[in-house]
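This report describes a structure for readers who are new to the subject. Please keep the sequence and the three-dimensional view at hand while reading.

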Amino acid sequence: MIWNEKMETMSREELTALQSERLVTTVKRVYENVPAYRAKMDAIGLKPEDIKGVEDLPKLPFTTKADLRDNYPFGLFAVPQDEIVRVHASSGTTGKPTVVGYTENDIKMWSECVARCMTMAGITKKDIVQVAYGYGLFTGGLGAHYGAEYMGATTVPMGTGNTQKLITLMKDFGATAIACTPSYLLHIAEVLKEGGDLDKIKLRAAVCGAEPWTEEMRHQIEETLGIAAHDIYGLSEVMGPGVACDCSYHKGLHVCEDHFIPEIISPTTLEPVKEGELGELVFTTITKEGLPLIRYRTRDLTSITYDKCECGRTTCRISRFKGRSDDMLIIRGVNVFPSQVEEALLHVDGVSPHYLIIVDRVNNLDTLEIMVEVDEKFFSDEIKGLEALSKKIAHSVQQMIGLNAKIKLVEPRTIERSMGKAVRVQDKRKLV
Amino acid sequence: MQAKQLSVFIENREGRLDEVLAVIKSVNVNILSLSLADTSEYGLLRLIVSDPAAADAALKENGFSSMLTSVLVVRLDNKVGSLQDFLALLAKANINLEYMYGLTIEKGGKASLVIKASDLDIAADVLKNAGADLLSDEEIAKL
């Protein structure tokens with residue numbers, strides 16, 4: 001099944017022509033409406049009319065998370081604020097979140113993209129879809145929700161945090177599809193298995209995203225639950241979930257190319273790489289009104305193929321992600337930068353700047369542990385004093401990144417000092 | 001009269017206590033008593049030693065988190081009920097005990113206790129007024 005036959009199967013020539021036309025309009029619009037873009041283009045002597053089509057894309061300057069931070073909160077919006085109907089926010093590299101805005105059309109376009117992805121996963125309007133992403137500022141919950149509703153499916157806004165209730169409703173409603181992070185789905189599968197409930201559910205499809213996962217994990221989910229699991233990709237800056245998804249052939253994620261132009265660049269030279277080569281994924285949005293992004297560096301490492309897929313779609317496919325070109329971690333679907341953790345620690349009096357973030361996956365759920373050196377300045381001779389310190393640190397981290405971390409106090413100078421850049425993160429999860 | 005206790009933060013891992021003791025030995029300081037409070041991940045070693053300042057400095061030099069804390073060291077008669085008698089005095093004065101451990105039994109049947117209380121000054125006054133025998137660092141060093 002293909003949701004939008006016209007857009008998803010048009011010839012590459014038609015698609016390129018459409019992208020070119022939309023790119024030219026977008027560049028003109030951001031140049032006229034967003035001072036930050038105009039300044040960037042002026043600085044290199046680039047005029048909107050220099051961009052005549054997708055082949056001119058490499059002439060345009062990049063946009064990064066730092067640009068969003070520098071123009072916090074609404075500085076990069078290309079429409080007056082009263083045309084923005086929704087904002088979401090995700091982690092910035094420091095305390096300030098990255099804010100994104102959507103017009104009414106943007107929300108429709110987003111829903112359309114999610115509907116295409118859900119269709120790739122075999123979901124139709126006849127399905128009952130449980131959305132078990134976090135609702136709120138995070139784009140996962142509302143993004144998947146609007147997409148499922150848009151395609152006419154019966155949408156259940158579960159959110160996260162109550163697995164038992166989710167399972168009860170999954171059984172009682174006869175839910176046939178679910179949207180959540182892959183690690184959460186594995187966890188749900190285990191709880192179902194332990195409760196002897198695997199044969200009491202009607203689940204048959206899942207769209208999983210918001211964190212990287214492996215083919216092995218997909219097979220494990222599919223075998224345990226007897227369903228088809230699909231990888232949905234997106235990032236809030238570009239839109240949210242629904243930028244790309246894999247079809248039933250699972251040979252890469254189809255990009256909604258009539259809305260987003262992907263490029264792969266070398267993270268070191270910043271030059272485009274050859275087709276099929278690994279590099280950093282860059283997106284240019286060509287239909288978004290609220291927050292158009294020109295050559296936004298996602299920091300996700302992948303490759304692209306433009307070959308026609310066996311499913312009939314002509315849109316290009318990105319391969320499974322091979323990591324990041326920055327130090328961002330995705331923990332339980334939440335983007336975390338070590339610099340945020342550092343800032344949270346510094347908010348607690350007397351905490352030394354020596355710490356180590358340990359991320360692991362236990363029973364398919366990500367765990368976050370932060371080792372902090374107990375400096376003599378805030379050392380207490382009473383256990384309750386040390387426990388209060390751990391709690392204070394945990395609270396500060398929770399406030400900053402929205403995740404509960406286990407704080408482990410360790411002796412001074414036990415966290416390895418390295419020459420040059422300190423090793424702040426130990427990611428023990430085996431994902432790639 | 002308050003005495004100085006040496007407190008050391010140690011992680012729960014093999015050989016760590018041994019290393020602390022080795023450092024204290026290296027500066028020729030004698031350990032008169034100790035108590036080890038443990039949690040699942042770390043322990044707090046509290047010591048009464050012959051020269052707390054010297055041991056503290058040596059530990060810090062060797063990268064340990066250590067500190068000197070004021071405590072009361074009270075000498076009791078080694079007989080039935082003497083501990084209860086003086087704890088009752090502290091309770092009456094609304095003083096909470098943070099922790100407590102035994103120190104030593106001397107010749108002549110006296111037993112000493114180390115006490116950390118919520119208000120050390122008031123606790124010291126209460127005990128002194130009741131005629132309790134509080135030991136100074138100098139007296140402890142001679143034990």
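## Confidence and conventions

Chain B has a mean pLDDT of 89, and 100% of its residues reach 70 or more; pLDDT is the predictor's confidence in each residue, from 0 to 100. The model as a whole scores ipTM 0.77 and pTM 0.78. Where pLDDT is low, the predicted coordinates should not be read in detail.

This is a predicted model, in which local features need pLDDT of at least 70 and side-chain atom pairs count only at pLDDT 80 or more, while totals for chains, interfaces and linings use all residues. Residues are numbered from 1 along each chain as its sequence is written, and chains are lettered from A and ligands numbered from 1 in the order in which they are written.

## The two domains of chain A

Chain A is divided into domain 1 (5-326) and domain 2 (331-427); such bounds come from an automatic or database domain assignment. The centres of these two domains of chain A, taken over C-alpha atoms, are separated by 31 Å. Their contact takes 13 residues from domain 1 of chain A and 15 residues from domain 2 of chain A, where two residues are in contact if their C-beta atoms, placed from the backbone, lie within 7 Å.

On the side of domain 1 of chain A that touches domain 2 of chain A, helix 8 (residues 182-194) of chain A provides the largest share, four residues. Helices (H or I, at least four residues) and strands (E, at least two) are DSSP runs, numbered from the N terminus. The residues of this side of domain 1 of chain A divide into two nonpolar, nine polar and two charged. In this scheme Ala, Val, Leu, Ile, Met, Phe, Trp, Tyr, Cys and Pro count as nonpolar, Asp, Glu, Lys and Arg as charged, and the others, Gly among them, as polar.

## A helix pair in chain A

Two packed helices are described by the angle between their axes and the distance between the axes. Helix 5 (residues 104-120) and helix 6 (residues 139-150) of chain A pack at an angle of about 75 degrees, with their axes 7 Å apart. Axes are lines fitted to C-alpha atoms, for helices over the stretch in contact, and angles run from 0 to 180 degrees between N-to-C directions. Helix 5 and helix 6 of chain A are therefore roughly perpendicular to each other; angles under 35 degrees count as roughly parallel, over 145 as roughly antiparallel, 65 to 115 as roughly perpendicular and the rest as oblique.

Among the residues making this contact are W110(A) and M118(A) of helix 5 of chain A, and Y146(A) and Y150(A) of helix 6 of chain A. The contact residues of the pair divide into nine nonpolar, three polar and one charged.

## A sheet in chain A

Three strands of chain A form an open sheet in the order 10-11-12, with antiparallel pairing; two strands pair if DSSP finds at least two bridges between them. Strand 10 (260-265) and strand 12 (296-302) of chain A are the edge strands, each pairing on one side only. From one strand to the next, the twist averages 30 degrees.

Strand 10 and strand 11 (residues 279-285) of chain A pair in the antiparallel sense over six bridges. I265(A) stands opposite E280(A) in strand 11 of chain A.

## Chain B and its contacts

Chain B is divided into domain 1 (3-69) and domain 2 (71-141), with 22 Å between their centres, taken over C-alpha atoms. The contact takes 11 residues from domain 1 of chain B and 15 residues from domain 2 of chain B.

Between the chains, the contact takes 18 residues from chain B and 13 residues from chain A. The residues on the side of chain B that touches chain A divide into seven nonpolar, six polar and five charged.
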